[in-house]
Amino acid sequence: MTVNNKAVGIIGVGSYLPEKIVTNADLEKVVETSDEWIFERTGIKERRVADGDTATSDIAAKAAEMALADAGITAEEIDLIIVATVTPDMSFPSVACLVQDRLKAKNAAAFDLSAACSGFTYGMVVASSFIKSGVYKKVLVIGAETLSKIIDWEDRNTCILFGDGAGAAVLGQVEDGYGILGVELGADGSGGDLLKVPAGGSRQPTSIETCNNKLHFIHMNGNEVFKFAVKVMGEAAVKALDDAGLDPESIDCLIPHQANIRIIQSAAKRLKVPMDKVVVNVDKYGNTSAASIPIALAETVKSGRVKKGDIVVLVGFGAGLTWASCVLKWCKGD
Ligand code: ACO
């Protein structure tokens, strides 16, 4: 996968979570469920929910500002903004263009990327390719979602799972031997029906009927998605490690997509990585789709848990169906 020898890595990270917390106990008042069921089956205790006036670009911009500050660069130094999201403010303009305006990143090109929960990692690989090929020097990649806006709060199969949030990373050239060492991206479009928002696009344009039939909300076959996730998470990480010339034993920190603790545990088991090397925050935030990996990454970096030279593996799966993994040799710190 490596185009040339230019080393590309993450030079700054940031994250933002809306303040409002919705606990499992709160959901017990809305649908027939229990804290016990939700925690046992998913590992989720609570999630964040954006208020009515807040859109995805608002929280994306906040995470981006933190990533720019962490990288020690100005918005004008950014050449490209990629936003991974399935909950854009509107069909168009893109969230990336709205963020570009908010940040006053006037030298940046901007576009959104649609790969659901795999979107941030897809975005990192796209960003890295632009930098390796010499087209751009610094790229801002954001994963941001307000999934609370496309959840049917009467459907206990889905409303307990998701949350809102944003995470961001600035990618640029780094010291030789550091940064992105290996990647794996994949898709299986035959599984598209397992997880989707059926209406509001060109297949089923918005109508009174689509609204009445709740076709603008997330529809999911949870059991099938679960089976796919368990299979693909470990496989994707192994392929990215192969691409890097490494084996799973070299992992210092595994940052999986935060969908369900049982999926995370099975990926860790498949890779034989002890859980103390696995980042878990699904209990606090639920599944924030494209935002989950960059939020977990930013919080892990800020906590000091990742040291320069550590092998960090990002791995996720999502609607599409898609999967993505990226192996990094952490380049910041002493
Ligand atoms: N509270 C109480 N009972 C519930 C709830 C709930 N919130 N939800 C479902 N149940 C019931 C079901 O109706 C079922 O009852 P029944 O046996 O009488 O029919 C029973 O609990 C078991 O249901 P299952 O669906 O078999 O439960 P399972 O253990 O598989 O857990 C879950 C369901 C949590 C959805 C799991 O399948 C899962 O996590 N799947 C992956 C989902 C996922 O990760 N989606 C996001 C993908 S990423 C992206 O791109 C957005």
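Predicted model: local features only at pLDDT ≥ 70, side-chain atom pairs only at ≥ 80, totals over all residues.

User: Is the crossing of α3 and α4 left-handed or right-handed?
Analyst: The axes of α3 (residues 56-71) and α4 (residues 95-103) come within 9 Å and cross at roughly 55°. That angle makes α3 oblique to α4. As for the hand, the crossing is right-handed.

User: How do the residues of the contact of α3 with α4 divide into nonpolar, polar and charged?
Analyst: On the α3 side, the contact includes Thr56, Ser57, Asp58 and Leu68. Among their partners in α4 are Val95, Leu98 and Arg102. The residues of this contact divide into 8 nonpolar, 2 polar and 3 charged.

User: Which kind of aromatic pair do phenylalanine 228 and phenylalanine 317 form?
Analyst: Phenylalanine 228 sits in helix α7 (residues 222-244) and phenylalanine 317 in strand β12 (residues 311-318), 89 residues apart. Both phenylalanine 228 and phenylalanine 317 are buried. Their ring centres are 6.3 Å apart and their planes stand at 75°, and planes over 60 degrees apart count as edge-to-face, so this pair is edge-to-face.

User: Which residues do ring pairs link into a cluster?
Analyst: Good one to finish on! Phenylalanine 228 also pairs with tryptophan 323, at 6.2 Å centre to centre and 55° between the planes, which is a tilted arrangement. Tryptophan 323 lies in strand β13 (residues 322-329) and phenylalanine 228 in helix α7, so this pair ties together parts 95 residues apart in sequence. Taken together, the ring pairs link into a cluster Phe228, Phe317 and Trp323.

How values were computed. Residues numbered from 1 in each chain as written. Heavy atoms only, no water. Axes fitted to C-alpha atoms, helices over the stretch in contact; angles between N-to-C directions. Helix = DSSP H or I, 4+ residues; strand = E, 2+ residues; numbered from the N terminus. Parallel < 35°, antiparallel > 145°, perpendicular 65-115°, else oblique. Left-handed = near helix turned anticlockwise from the far one by under 90°. Contact = heavy atoms within 4.5 Å. Nonpolar A, V, L, I, M, F, W, Y, C, P; charged D, E, K, R; others polar. Phe/Tyr/Trp six-rings, centres within 6.5 Å; stacked < 30°, edge-to-face > 60°. Buried < 20%, exposed > 50% of the residue type's maximum accessible area, 1.4 Å probe, protein only.
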